[in-house]
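Subject: Structure handover

Hello,

Here is the structure I promised to pass on. Please open it first, then read my notes below.

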Amino acid sequence: MIANAPFMPADPTERFTVIFRALQRSVADNGYRLKIHGPLIVLIWNYLARQIARFARIASRPPQSPRTRTRASGPVEREPATAIPNPKPPLTLPRGFAWLIRLLPNGPATVVAGAAARADLQLFMEDPIVLDLLATHPSLGRILRPLHTMLGLRPPQIIKRPRKPRSEPTGEPTNPANPRPKRPRPKRQPDFMAQYKVNPDGSIDFTPEQLRDILGPPPPPVPPWHHPFVPSFDAKKMWRKGPRG
């Protein structure tokens, strides 16, 4: 059994709040120093605040079973959406694996806002009390999965999204008149170094055409009046010395 740290409460909701409140303060304190866009810092702060409130709201509910969705048999009629002119796209959070770690490149912000939150979240997910809460409240995985991705962590098995079952083949023969079109395969790019002759010692023998492609055409010849003056006589011998006196 993993013992909680002295500064961490035992209640999962309070512990979750402590972890991500600290992450909020770290991003806000170091965002200006790292020259992060101000509205983006506000967006991250509000996103973490919403996740904290959602976690507390869901964890306070009675235990629930996983919800199964059933699709309607007939087509669903939807009203056509009216196009609203929006010349400026809204600011959204970054996406991708470990986007918050990549947003804070260097300095103490990475240690405080990234590494500390990652370690606390890993210990949070290993706590047996939290595992029991996730077993009775599976909808908490919708909150924890994006937070794991944000901090560069792979979500554990208990909160992974279940895979869709594969559709079994019906056994009906395919229509030879309408075969399934094949996807065009992308052409394999030739090796860049295959066009050069590489010696065993690592040197490369270039042809004149390859040197011309790399270095460009030779410069035009310099006209004679631009050549430096080189005298054809010895100036020291021709210098007339004055009388010694």
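In which helix does R145 lie? R145 lies in helix 6, residues 141–150. Helices (H or I, at least four residues) and strands (E, at least two) are DSSP runs, numbered from the N terminus.

Two notes on the source. This is a predicted model, with residues numbered from 1 along each chain as its sequence is written. Local features need pLDDT of at least 70, side-chain atom pairs count only at pLDDT 80 or more, totals for chains, interfaces and linings use all residues, and side-chain values use heavy atoms, without hydrogens and water.

**The chain**
The chain has eight helices and two strands. Their order is α-α-α-α-α-α-β-β-α-α. Of its 245 residues, 23% count as buried. Buried means under 20% relative accessible area, exposed over 50%, and partly exposed in between (1.4 Å probe, protein chains only).

**R145**
The R145 side chain reaches the backbone oxygen of I159 at 2.6 Å. That is a polar contact if you apply this rule: a pair of N or O atoms within 3.5 Å, where within protein one must be able to donate a hydrogen and the other to accept it, and residues adjacent in sequence count only if both atoms are side-chain atoms. R145 also touches P155, I159, K160 and R161 (heavy atoms within 4.5 Å), not counting residues up to four places away in sequence.

**F206**
F206 is in the loop between strand 2 (204–205) and helix 7 (208–215). F206 is partly exposed, with a relative accessible area of 35%.

Best wishes
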